[in-house]
Amino acid sequence: MRKIITATFVSLDGVMQAPGGPEEDPVGGFEFGGWTFHYWDDVGGAFIGEIFAKPFALLLGRKTYDIFAAHWPYQKSGPIADSFNAATKYVATHRPDTLSWQNSQSLGDDVVAALRQLKQEDGPDLLIQGSSELIQTLLANDLIDEISLLTFPLVLGKGKRLFGSGAMPAAFKLNRSQASTTGVIMATYERAGEIKTGSFAQQQPSEAEIERRRTWK
């Protein structure tokens, strides 16, 4: 069974839009494209390198696909370029006839059904890069098995966020974490069942607490 894994760069306030450069995704007047650039070091590079070192197929939304297709096929040979160009690309798109990057295929009209089927098949894990809109669909349908999250020490204020209001409540388990020399927190989380709740309240609440609960209903 294949896993769906997302490797995502986010700010402290959860924005994931345009981490790579000013022209990457200025939608909505986003002004901070390229916000990850000055935080990269060898530690962060090694963390990302480990993700790409495992066999994977790419799972992409159409906007991220277009960004990648305009870049990676034109790069000189290297570990990431070679892996991305050779990988199968599964794309959420309404324009399947325009998928020109080698080894690309559309997920069809029912993306959720297609991904549920792909997860049941043999093959490499499905790695999401970027694709904020597609991620919202996956989170709403509990389809993400693992999150590799790189949290950068800055607040962007507005922009496309990793977790939107439609995300399905879910528990995750921390598998590993480390910090880069520039303050980036890198962590990998694995899906871990449902959310469990509890209470730190007194067994016998005070009269003030009873009144507070009454007025908040």
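In which helix do Arg62 and Asp66 both lie, and how many residues apart are they?

Analyst: This is a predicted model. Arg62 and Asp66 both lie in helix α2, which spans residues 62-69. They are 4 residues apart, about one turn of the helix. The two form a salt bridge, with the closest N and O atoms 3.0 Å apart.

Their surroundings differ in label. Arg62 has a relative accessible area of 13%. The cut-off for buried is under 20%, so Arg62 counts as buried. Asp66 is partly exposed, at 33% relative accessibility.

Asp66 also forms a salt bridge with Arg95. Here the closest N and O atoms are 3.8 Å apart. This pair links distant parts of the chain. Asp66 sits in helix α2, while Arg95 sits in the loop between β3 and β4, 29 residues apart. Arg95 is partly exposed, at 40% relative accessibility.

Asn103 is not a glycine, yet its phi is positive, near 65°. Its relative accessibility is 40%, so Asn103 counts as partly exposed.

Now the wider setting. A search of the whole structure finds 13 salt bridges. One of them joins Asp13 and Arg161, with the closest N and O atoms 3.4 Å apart. Asp13 lies in the loop between β1 (4-11) and α1, and Arg161 in the loop between β6 and β7 (172-179), so the pair ties together parts 148 residues apart in sequence. Both partners are partly exposed: Asp13 at 22% relative accessibility, Arg161 at 31%.

Helix α1 covers residues 42-53 and has 12 residues. From first C-alpha to last, α1 reaches 16 Å, close to the 16 Å expected. The buried residues of α1 are Gly44, Phe47, Ile48, Ile51 and Phe52. They cover an arc of only 135° around the axis, which puts them on the same side of α1. Asp42 and Ala53 are exposed on the other side. At the start of α1, a side-chain oxygen of Asp41 comes to within 3.2 Å of the backbone nitrogen of Val43.

One more loop residue deserves a mention. Asp142 lies between α5 (132-140) and β6 (146-152). Its phi is positive, about 55°, although Asp142 is not a glycine. Asp142 is partly exposed, with a relative accessible area of 31%.

Key. Residues are numbered from 1 along each chain as its sequence is written. This is a predicted model: local features need pLDDT of at least 70, side-chain atom pairs count only at pLDDT 80 or more; totals for chains, interfaces and linings use all residues. Side-chain values use heavy atoms; hydrogens and water are left out. Buried means under 20% relative accessible area, exposed over 50%, partly exposed in between (1.4 Å probe, protein chains only). Helices (H or I, at least four residues) and strands (E, at least two) are DSSP runs, numbered from the N terminus. The expected span of a helix is 1.5 Å times one less than its number of residues. The arc is that of the directions from the helix axis to the C-beta atoms. A polar contact is a pair of N or O atoms within 3.5 Å; within protein, one must be able to donate a hydrogen and the other to accept it, and residues adjacent in sequence count only if both atoms are side-chain atoms. A salt bridge is a side-chain nitrogen of Lys or Arg within 4 Å of a carboxyl oxygen of Asp or Glu.
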